[in-house]
Amino acid sequence: MPSKFPMPGNPVRGSKSGKPIMALFDLLGRSWALGVIWQLSNSTLTFREIQQRCEKVSPTVLNKRLKELTSSGLVERGDTGYQLTTTGSELFDLLQPFGAWSNSWAENLPVTDTTK
């Protein structure tokens, strides 16, 4: 039975061979995956708290994403809610600089007229 989430070694979006980096990009490219990781970077959160912080993501999508991230070893469910695993925290540490970079990038974009 094929995996329901991207796994290295299996075909994923962008890679028939399932290179680990492509499996990671496929997983992180799914709706709300990065948002969930970002929200869990500072604290353990309940399902409802994650949903509220992720701009009211639908329960169906959030449930699916949490299952994928848990099966991928990035998130775990503890007694008080969901939290990043050690591996998930390591991934967040690599992703965190993109937050500052993206703010700088946004500030330096040329101004465009969106009314046309």
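User: In which sense do strand β1 and β2 pair?

Analyst: In this predicted model, strand β1 covers residues 75–78, and a hairpin of two residues joins β1 to β2. Four bridges run between the two strands, and one of the bridge pairs is Gly78 with Gly81. The sense of the pairing is antiparallel.

User: How many residues does the largest nonpolar core have?

Analyst: In soluble globular proteins, nonpolar side chains tend to be buried together. Here the residues with the most contacts inside the largest core are Val36, Ile37, Leu40, Ile50, Leu66, Leu69 and Val75. The number of residues in the largest nonpolar core is 19.

User: Which residues are buried in α1, and which helices are included in what covers them?

Analyst: In α1, the buried residues are Ala23, Asp26, Leu27 and Leu28. The cover over the buried residues of this helix includes α2, α4 and α5.

User: Is Asp26 buried or exposed, and what is its relative accessible area?

Analyst: Asp26 lies in helix α1, and, with residues up to four places away in sequence left out, Asp26 touches Pro6, Val12 and Arg13. A residue counts as buried when its relative accessible area is under 20%. Asp26 is therefore classed as buried, with a relative accessible area of 4%.

User: What is the N to O distance in the salt bridge between the side chains of Asp26 and Arg13?

Analyst: Side chains of opposite charge can pair when their charged atoms come close. The side chains of Asp26 and Arg13 meet in a salt bridge; Asp26 lies in helix α1 and Arg13 in the segment before α1, so the pair ties together parts that are 13 residues apart in sequence. Asp26 is buried, whereas Arg13, at 51% relative accessibility, counts as exposed. The N to O distance is 2.6 Å.

User: How many residues apart are Glu68 and Arg30, whose pair links distant parts of the chain?

Analyst: The side chains of Glu68 and Arg30 meet in a salt bridge at 2.7 Å, N to O. Glu68 lies in helix α4 and Arg30 in the loop between α1 and α2. Glu68 counts as buried at 4% relative accessibility, whereas Arg30 counts as partly exposed at 22%. Glu68 and Arg30 are 38 residues apart.

User: Which residues do salt bridges that share partners join into one network?

Analyst: Arg65 forms a salt bridge with Glu68, the closest N and O atoms being 2.5 Å apart. Both residues lie in helix α4, three residues apart, which is about one turn of the helix, and Arg65 counts as buried at 6% relative accessibility. Salt bridges that share partners join into one network Arg13, Asp26, Arg30, Arg65 and Glu68.

User: By what distance are the C-alpha atoms of Val61 and Gln39 separated?

Analyst: Val61 lies in helix α4 and counts as partly exposed, at 25% relative accessibility. With residues up to four places away in sequence not counted, Val61 touches Ser31 and Trp32. Val61 and Gln39 are 22 residues apart along the chain, and their C-alpha atoms are separated by 16 Å.

Definitions and conventions. Residues numbered from 1 in each chain as written. Predicted model: local features only at pLDDT ≥ 70, side-chain atom pairs only at ≥ 80, totals over all residues. Heavy atoms only, no water. Core = buried A, V, L, I, M, F, W, Y, C linked by side-chain atoms within 4.5 Å. Buried < 20%, exposed > 50% of the residue type's maximum accessible area, 1.4 Å probe, protein only. Contact = heavy atoms within 4.5 Å. Pairing = 2+ DSSP bridges. Salt bridge = Lys/Arg side-chain N within 4 Å of Asp/Glu carboxyl O.
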